[in-house]
Amino acid sequence: MSKPVIVSAARTAIGRSFKGTLANTTSETLATTILPEVVRRAGIDPALVDDIILAESGYGGGDLARYAAAATGMESVPAQAVNRHCAGSLTAIGNAAAQIGSGMERVLVAGGVQSLSTSPIMKWRIPGPDLQFQEPWMPPTHPETPDAPTRDMSITVGWNTAKAAGISREEMDEWACRSHARAVAAQDAGKFLDEIVPLKVQGPDGSVFEFTVDEHPRRDTTMERLAGLKVLHPEIEGFSITAGNSSGINDAAAAVTLADESLAAAEGLTVLGTVRAWGSAGVAPRDTGLGAVEVIGKVLDRAGLKPSDIALWEINEAFASVPIAACRKWGIDEELVNFSGSGCSLGHPIAASGARMVTTLVYELQRRGGGIGVAAMCAGGGQGGAVIIEV
């Protein structure tokens with residue numbers, strides 16, 4: 001098999017949805033910013049790109065990847081959209097790696113884009129003789145059940161995972177507090193400067209400026225502040241999920257360029273890392289948070305690795321309970337997980353989060369002199385996705 005390698009990786013800064021800097025920035029703008037940048041960073045002729053795969057979630061269809069290709073002068077490059085909800089861009093990277101591994105294609109761009117701020121409100125029609133529509137409507141991720149509501153992930157993911165793994169609120173708050181501290185420390189150390197693409201944004205006064213700093217991390221986060229937050233469902237006995245130990249609602253884009261190793265060598269491209277394995281897992285919808293736990297075992301087995309072989313982990317904090325559960329299951333040292341923050345602090349721009357994790361992982365492993373990293377996350381409907389990278 002041909003070996004898929006990463007030859008560029010980039011992301012935008014992450015904004016707070018609806019009230020943040022990217023509130024009026026469309027998914028099209030995010031896509032047409034990230035696509036040409038990762039191709040430019042790869043140092044490759046755009047004509048050599050065989051396909052573009054961008055994840056999107058909650059848009060109700062379309063092909064944002066093709067829009068971006070046509071809008072940035074890459075009309076000759078086909079493009080496709082994928083949707084595995086939160087794990088969409090990890091799936092995009094895995095699919096791209098598989099295409100290269102099969103020998104069918106040699107260069108692909110893979111990633112994801114999320115603008116919850118500008119997502120359209122969809123309507124569904126009430127069954128009956130009259131064409132009456134009710135709004136809003138979102139495509140359900142799974143059949144509705146009392147223990148797995150389709151629109152309330154604080155129950156379906158956060159709370160169910162905490163109960164299944166016996167995780168206390170204090171443990172989740174401690175994880176979230178550390179997440180914010182690590183994200184702020186990474187910002188102060190300039191760790192994100194290499195991976196973030198400046199995004200031109202128009203302010204309320206009409207002025208144009210560059211957005212370059214993730215705005216979700218809070219410098220004033222303390223255990224005391226987190227402990228003072230109300231739980232999201234006080235009517236449920238023992239419920240321990242709060243806004244503080246949950247991920248944010250965010251906008252961003254992230255992508256990587258993958259190439260066949262032999263082509264990268266022939267073109268003199270800089271190899272940032274090798275994709276060792278990828279995969280997805282399915283669990284019961286009520287156990288969605290455990291999808292991240294299950295898929296870790298699956299991809300480690302595919303790569304012939306043990307948890308002790310992994311230098312760094314990115315396990316998305318859809319809720320703090322998810323990475324805690326994964327660490328318990330696989331005996332992972334928490335100090336090696338989410339070294340620069342994650343969903344609770346940096347935020348969770350759904351379709352872009354996986355590619356953001358891979359991008360951050362690649363740059364951090366480079367700083368540390370190499371090693372093997374795992375990016376894993378749960379995904380709506382009872383799923384998990386993961387990618388293993390070696391630098």
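I began with strand E5 (residues 107-115), where nine of nine residues are buried. Buried means under 20% relative accessible area, exposed over 50%, and partly exposed in between, with a 1.4 Å probe and protein chains only. Strands (E, at least two residues) and helices (H or I, at least four) are DSSP runs numbered from the N terminus.

This is a predicted model: local features need pLDDT of at least 70, side-chain atom pairs count only at pLDDT 80 or more, and totals for chains, interfaces and linings use all residues. Residues are numbered from 1 along each chain as its sequence is written, and side-chain values use heavy atoms, with hydrogens and water left out.

I checked the two faces of E5. Val107, Val109, Gly111, Val113 and Ser115 point one way, Leu108, Ala110, Gly112 and Gln114 the other, and all are buried. In a regular strand the side chains alternate between the two faces of the sheet.

Next, the neighbours. Strands pair if DSSP finds at least two bridges between them. E5 pairs with strand E3 (residues 51-55) in the parallel sense over five bridges. There Ala55 has Gly112 as its bridge partner. Strand E11 (residues 250-260) runs antiparallel to E5, joined by nine bridges. Leu108 stands opposite Leu258 of E11.

Then I looked for nonpolar cores, that is, sets of buried Ala, Val, Leu, Ile, Met, Phe, Trp, Tyr and Cys joined through side-chain atoms within 4.5 Å. The largest has 43 residues, and Leu35, Val49, Ile52, Met74 and Val109 have the most contacts inside it. Helix H1 (residues 27-42) gives the largest share, seven residues. A second, separate core has 42 residues, including Met172 and Cys327.

I followed up Ile52. Leaving out residues up to four places away in sequence, Ile52 touches nonpolar-core member Leu35 and Val109, and also Met74 and Gln80, among others. Contact means heavy atoms within 4.5 Å.

Last, I listed positive phi values outside glycine. Phe18 has a phi of about 75°. Phe18 lies in the loop between strand E2 (15-16) and H1. Is Phe18 buried or exposed? Phe18 is exposed, at 53% relative accessible area.

Asn338 has a phi near 55°. Its loop runs between helix H9 (321-330) and helix H10 (353-367).
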